[in-house]
Amino acid sequence: MSNTLYITRTCVDCGKVMRNVYHTKVRCPECGHQHHLDMCAAYRERKRAERMLHPAPKPAPKPIPKKPVPAVPVTTLADDIRAADKLGISYGKYMLLKMQANKKACPCANTDKPKR
Ligand SMILES: [Zn+2]
């Protein structure tokens with residue numbers, strides 16, 4: 001590796017002599033930090049001006065999806081337990097009665113059609 005990459009030069013902002021620095025270094029650490037802050041401020045100002053000239057279009061509001069209406073009334077577990085307690089039977093027996101009440105008659109009952 002060559003030593004020509006490290007040179008002595010002066011800071012472009014304050015004129016401070018920087019010894020044995022990399023050949024691409026143009027500012028001392030203090031001026032480099034200040035230069036970075038200035039560049040960031042200029043960038044923010046430029047972006048702010050761009051946003052004021054060309055504001056981003058607002059996205060269209062999303063339509064609210066309609067909730068599907070359940071075909072059968074939904075009961076919670078607690079509702080079923082309360083109903084079973086009201087009848088004085090266990091939850092299992094209550095659910096069995098409920099299922100039998102909701103069961104549709106088989107269309108093939110009392111016919112010659114084969115059962116499903
Ligand atoms: Zn400097």
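Here are some friendly notes on this predicted model, point by point.

1. **Ground rules.** Numbering starts at 1 in each chain and follows the sequence as written. The model is predicted, so local features need pLDDT of at least 70, side-chain atom pairs count only at pLDDT 80 or more, and totals for chains, interfaces and linings use all residues.

2. **Overall make-up.** The protein chain holds three helices and two strands, in the order β-β-α-α-α from the N terminus. Here helices (H or I, at least four residues) and strands (E, at least two) are DSSP runs, numbered from the N terminus.

3. **Burial and contacts across the chain.** Of the 116 residues in the protein chain, 0% count as buried. A residue is buried if 20 or more other C-beta atoms lie within 10 Å of its own, exposed if 12 or fewer, and partly exposed in between, with C-beta atoms placed from the backbone. Among contacts between residues at least 6 apart in sequence, 0% join residues at least 24 apart. A contact means that the two C-beta atoms, placed from the backbone, lie within 7 Å.

4. **The hairpin.** Strand β1 (residues 6–10) pairs with strand β2 (residues 17–22) in the antiparallel sense, over four bridges; pairing requires at least two DSSP bridges between the strands. Six residues separate β1 and β2 in this hairpin, and G15 in the turn has a positive phi of about 80°. In β2, Y22 is the bridge partner of Y6, and V21 is that of I7.

5. **A residue to look at in β2.** N20 lies in strand β2, and its phi is positive, about 55°, although N20 is not a glycine. N20 counts as exposed because it has 8 C-beta neighbours inside 10 Å. As for the strand itself, the number buried among the six residues of β2 is zero, so β2 lies largely in the open.

6. L5 sits in the segment before β1. What does L5 contact, leaving aside its neighbours within four places in sequence? The partners are Y22 and H23. L5 and Y22 are 17 residues apart in sequence, while their C-alpha atoms are 5.7 Å apart in space. L5 is exposed, with 10 other C-beta atoms within 10 Å.

7. **Helix α1.** This helix (residues 29–53) has 25 residues and reaches 36 Å from its first C-alpha to its last, close to the 36 Å expected at 1.5 Å a residue. The expected span is 1.5 Å times one less than the number of residues. Zero of the 25 residues of α1 are buried, so α1 lies largely in the open.

8. **How α2 meets α3.** The axes of helix α2 (residues 77–87) and helix α3 (residues 91–102) come within 9 Å and cross at roughly 100°. That makes α2 roughly perpendicular to α3, a label for angles of 65 to 115 degrees, where under 35 is roughly parallel, over 145 roughly antiparallel and the rest oblique. Axes are lines fitted to C-alpha atoms, for helices over the stretch in contact, and angles run from 0 to 180 degrees between N-to-C directions.

9. **Residues at that contact.** On the α2 side are D80, I81, A83, A84 and L87, which meet Y91, Y94 and M95 in α3. The residues of this contact divide into seven nonpolar, no polar and one charged.

10. **Each of the two helices in turn.** Of the 12 residues of α3, the number buried is zero, so α3 lies largely in the open.

How values were computed:
Ala, Val, Leu, Ile, Met, Phe, Trp, Tyr, Cys and Pro count as nonpolar, Asp, Glu, Lys and Arg as charged, and the others, Gly among them, as polar.
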